[in-house]
Amino acid sequence: VDDSFPEGYHFAMKLHRTYKTGSKHTDMGEFTFTVTRTYMGELKRIGGDVMTMEGSIYDLNEDTDKIVQVGFFSMIDTDHDQDEKEGTKTIEFGMARSSSAF
């Protein structure tokens, strides 16, 4: 972690997840659909090299064509590991997450 890391750094990420379901031998057949979610929040240092990321999850409501909040997320660095290897520093993070839909 760079010591110049800004507090309250804004975080944004868009995820697209495609699902495939159904069966060839039914009246609905097989089909796929994609769900897109936008995660927006802040990344903060909460002590030493421990980081936390939290914010809200958004989706586009196709009926109203408006972006709505559909959940939240809260993650904390649970597996911070620094190794000195051949003169370089390797930093690995593991995140525990929590999210909920409204």
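Areas here follow the Shrake-Rupley method with a 1.4 Å probe; for residues, only the protein chains shown count as cover. The model is predicted: local features need pLDDT of at least 70, side-chain atom pairs count only at pLDDT 80 or more, and totals for chains, interfaces and linings use all residues. Numbering starts from 1 along each chain as its sequence is written, and side-chain values use heavy atoms, with hydrogens and water left out.

Confidence comes next. The mean pLDDT of the protein chain is 75, and 67% of its residues reach 70 or more. Over residues 1-5 the pLDDT is below 50, and this stretch has 10 contacts in the model beyond near neighbours in sequence. The pLDDT is the predictor's confidence in each residue, from 0 to 100. A contact means heavy atoms within 4.5 Å.

Now the fold. The protein chain has 7 strands and 0 helices. Along the sequence the pattern reads β-β-β-β-β-β-β. Both element types are DSSP runs, numbered from the N terminus: helices are H or I with at least four residues, strands are E with at least two. Of the 102 residues, 15% count as buried. Buried means under 20% relative accessible area, exposed means over 50%, and partly exposed lies in between (1.4 Å probe, protein chains only). Among contacts between residues at least 6 apart in sequence, 36% join residues at least 24 apart.

Start with strand E1, residues 9-22, where Lys 14 is found. Lys 14 counts as exposed, at 52% relative accessibility. Leaving aside neighbours within four places in sequence, Lys 14 is in contact with Thr 36, Arg 37 and Thr 38. Tyr 58 is 44 residues away from Lys 14 in sequence; C-alpha to C-alpha, the two are 9.3 Å apart in space.

How many salt bridges does the count come to? The count is 2. The rule asks for a side-chain nitrogen of Lys or Arg within 4 Å of a carboxyl oxygen of Asp or Glu. One of the bridges joins the side chains of Arg 37 and Asp 59, at 3.1 Å from N to O. Arg 37 lies in strand E2 and Asp 59 in strand E3, so this pair ties together parts that are 22 residues apart in sequence. Arg 37 is partly exposed, with a relative accessible area of 27%. Asp 59 is partly exposed too, at 23%. Another bridge links the side chains of Glu 42 and Lys 44, at 3.5 Å from N to O. Glu 42 is partly exposed at 26% relative accessibility. Lys 44 is partly exposed at 33%.

Glu 42 and Lys 44 both touch Thr 52. Thr 52 sits in strand E3, residues 50-61. Is Thr 52 buried or exposed? Its relative accessibility is 11%, so Thr 52 counts as buried. Its side chain reaches the backbone oxygen of Met 75 at 2.9 Å. Beyond neighbours within four places in sequence, the contacts of Thr 52 also include Leu 43, Ile 46, Met 75 and Ile 76.

Ser 56 is found in strand E3 as well. Ser 56 counts as buried, at 15% relative accessibility. Which side chain makes a polar contact with the side chain of Ser 56? The partner is Gln 69, at 2.7 Å. A polar contact is a pair of N or O atoms within 3.5 Å; within protein, one must be able to donate a hydrogen and the other to accept it, and residues adjacent in sequence count only if both atoms are side-chain atoms. With neighbours within four places left aside, Ser 56 is in contact with Thr 38, Tyr 39, Met 40, Gln 69, Gly 71, Phe 72 and Phe 73.

Asp 65 is not a glycine, yet its phi is positive, at about 60 degrees. Asp 65 is exposed, with a relative accessible area of 60%.

Finally, back to the surface. Tyr 19, Met 28, Phe 31 and Phe 33 form a nonpolar patch there, with about 400 Å² of accessible area together. Patches are made of residues with over 30% relative accessible area and no salt bridge; like charges are joined within 9 Å, and nonpolar side chains (Val, Leu, Ile, Met, Phe, Trp, Tyr) within 5 Å. Phe 33 has its place in strand E2, residues 30-47. Phe 33 is partly exposed, with a relative accessible area of 37%.
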